[in-house]
Amino acid sequence: MTKLKIEGMSCQHCVKAVDTALSDVPGVDRVVAVRLDEGEAEVEGTADTNALIAAVEEEGYKARIA
């Protein structure tokens, strides 16, 4: 499982945008959770971490490995 810290989410729309972006990355089997309060996302699969970070950043949020 890969855990990311996400900065910039402020509402459920943000959560949905991050969830969708992560789901579209090749190698993602499942987005386990995107948590607004903790500013975190958890993903299962073999996706490249740089691709996950890039997908989140394309949506306008900052991301890093937690």
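Reader: Hi! How exposed is K3 by relative accessibility?
Author: K3 counts as partly exposed, at 35% relative accessibility; buried means under 20% relative accessible area, exposed over 50%, and partly exposed in between, with a 1.4 Å probe and protein chains only. This is a predicted model, where local features need pLDDT of at least 70, side-chain atom pairs count only at pLDDT 80 or more, and totals for chains, interfaces and linings use all residues. Residues are numbered from 1 along each chain as its sequence is written, and side-chain values use heavy atoms, leaving out hydrogens and water.

Reader: Thanks! Which residue forms a salt bridge with K3?
Author: That's E40, with the closest N and O atoms 3.6 Å apart; a salt bridge here is a side-chain nitrogen of Lys or Arg within 4 Å of a carboxyl oxygen of Asp or Glu. K3 sits in strand 1 and E40 in strand 3, 37 residues apart. Strands (E, at least two residues) and helices (H or I, at least four) are DSSP runs numbered from the N terminus.

Reader: And is E40 buried or exposed?
Author: E40 counts as buried, at 14% relative accessibility. E40 also forms a salt bridge with K5, at 3.8 Å between the closest N and O atoms.

Reader: Switching topic, what's the strand order in the sheet?
Author: The open sheet has four strands in the order 2-3-1-4, with antiparallel pairing; two strands pair if DSSP finds at least two bridges between them. Strand 2 (28-35) and strand 4 (62-65) are the edges.

Reader: How many bridges join strand 2 and strand 3?
Author: Six, in the antiparallel sense. R30 has E44 in strand 3 as its bridge partner, and their side chains meet in a salt bridge (3.3 Å, N to O).
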